[in-house]
Amino acid sequence: MNQFLNVTTSLLASTYRCWQGTVADKTTEQPEQTLMLFDQENDAECRQVREALTKLNLDILIVPCPKGGKNLEALKAKSGKGDGIQPPVFVDNNQSKAMQGAKAILKHLNQHYGQVSSATSLLSKATNEISSTLAATVRLNAGSHALPSNQPELPLILYSFESSPYARPVREKLCELELPYILINLGKQQVSDMGPATMRWSLKPYQPLPNTKREAFFKQHGNVQVPFLMDPNTHQSMFESTDIVDYLEQTYQQ
Ligand SMILES: N[C@@H](CCC(=O)N[C@@H](CS)C(=O)NCC(=O)O)C(=O)O
């Protein structure tokens, strides 16, 4: 897909989802043990969970489970439930709990990590599925099916937020290649975070909120822009969605 179509369809996908997964809470403490999500990028319930994770500003290890892939088979085998288990499956070792399905996961998040957005939790199953199917369709179901890949030793690290039109193609590629990654959510926390990094809505020099992940990122890079990928296996790090997708294909696609 050329870049104009890529960004336009990704913008449309976020619009179908009413831009859920853009705004993040101002303060959040990360739990001691990393949360884990068995995820499928274009699945309606997985999307709903990832939107809530952006809202709660929580970081998480994503294990992509596209259709036809080894991760999904391993999940089915490990659970002993065969086809009875499907993403999203959420593992919280802080609470010694694991659960399946958006409803149970959102309830758990609400109970332990703060209020998930009312829109996310109020969307009926049908509304969620229709808008998410529209979002998946406009992306031509990218990120649904596994591609042959070489597996890295360590998970990659992706700075992103759910509705970012530029981060979505990167997440789709990570999913297709079944590459586990630590998702660091950098949702928007104030009006001046809005807009692309090169054209913010506010005219004042950009300043993230103090004591936030955004501020830490800003101090390190001089700006805040997502997607940003770090690969501890090759010691490469990079901005720019198209460069990241090219890198993933060249490094991991068979
Ligand atoms: N050309 C860049 C554009 C990235 C971009 O503009 N990302 C937006 C989010 S969609 C951003 O970082 N906005 C600034 C912010 O969130 O603070 C790419 O393709 O990766």
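Accessible areas here come from the Shrake-Rupley method with a 1.4 Å probe, and for residues only the protein chains shown count as cover. The structure is a predicted model, in which local features need pLDDT of at least 70 and side-chain atom pairs count only at pLDDT 80 or more, while totals for chains, interfaces and linings use all residues. Residues are numbered from 1 along each chain as its sequence is written, and side-chain values use heavy atoms, with hydrogens and water left out.

**Figure 1. Overview of the chain and its surface.** The accessible surface of the chain comes to about 12,200 Å², and carbon and sulfur atoms account for 56% of that area. Nine helices and eight strands are present; helices (H or I, at least four residues) and strands (E, at least two) are DSSP runs numbered from the N terminus. The chain is as compact as a globular protein of 254 residues, because its radius of gyration of 17 Å is close to the 18 Å given by the globule rule. That radius is taken over C-alpha atoms, and the rule is 2.2 Å times the number of residues to the power 0.38. Along the principal axes, the C-alpha trace spans about 55 × 40 × 35 Å. Buried residues make up 52% of the 254 residues, where buried means under 20% relative accessible area, exposed over 50% and partly exposed in between (1.4 Å probe, protein chains only). Of the contacts (heavy atoms within 4.5 Å) between residues at least 6 apart in sequence, 70% join residues at least 24 apart.

**Figure 2. The annotated segment, residues 154-254.** An unreviewed UniProt entry carries the annotation "domain: GST N-terminal" for residues 154-254. UniProt positions are given in the numbering used here, feature names are shortened, and annotations may be inferred rather than shown by experiment. Over this segment the chain is 31% helix and 17% strand, and the end C-alpha atoms lie 18 Å apart.

**Figure 3. Leu 158 in strand 5.** Leu 158 has a relative accessibility of 0% and counts as buried. Residues that Leu 158 touches, beyond those up to four places away in sequence, include Val 170, Arg 171 and Leu 174. Also among them are Tyr 181, Ile 182, Leu 183 and Ile 184, together with Pro 227, Phe 228 and Leu 229. Met 230 is 72 residues from Leu 158 in sequence, yet the two C-alpha atoms are 6.5 Å apart in space.

**Figure 4. Phe 161 in the loop between strand 5 (156-160) and helix 7 (167-176).** Phe 161 is buried, with a relative accessible area of 8%. Leaving aside neighbours within four places in sequence, its contacts include Gly 21, Thr 22 and Thr 54, as well as Ala 167 and Arg 171. Further contacts of Phe 161 include Asn 185, Leu 186, Gly 187, Lys 188, Arg 214 and Val 226. Pro 64, 97 residues away in sequence, has its C-alpha atom 16 Å from that of Phe 161.

**Figure 5. Helix 7 and the residue Glu 178 that follows.** Helix 7 is largely enclosed by the rest of the structure, because 10 of its 10 residues are buried. Charged residues buried in this helix include Arg 168, Arg 171, Glu 172, Lys 173 and Glu 176; Lys and Arg count as positive and Asp and Glu as negative, while His and the chain ends are not counted. Glu 178 lies in the loop between helix 7 and strand 6 (181-185), and its phi is near 55 degrees, a positive value in a residue other than glycine. With a relative accessible area of 5%, Glu 178 is buried.

**Figure 6. Asn 141 in the loop between helix 6 (125-138) and strand 5.** The phi of Asn 141 is near 60 degrees, a positive value in a residue other than glycine. Asn 141 is partly exposed, at 43% relative accessible area.
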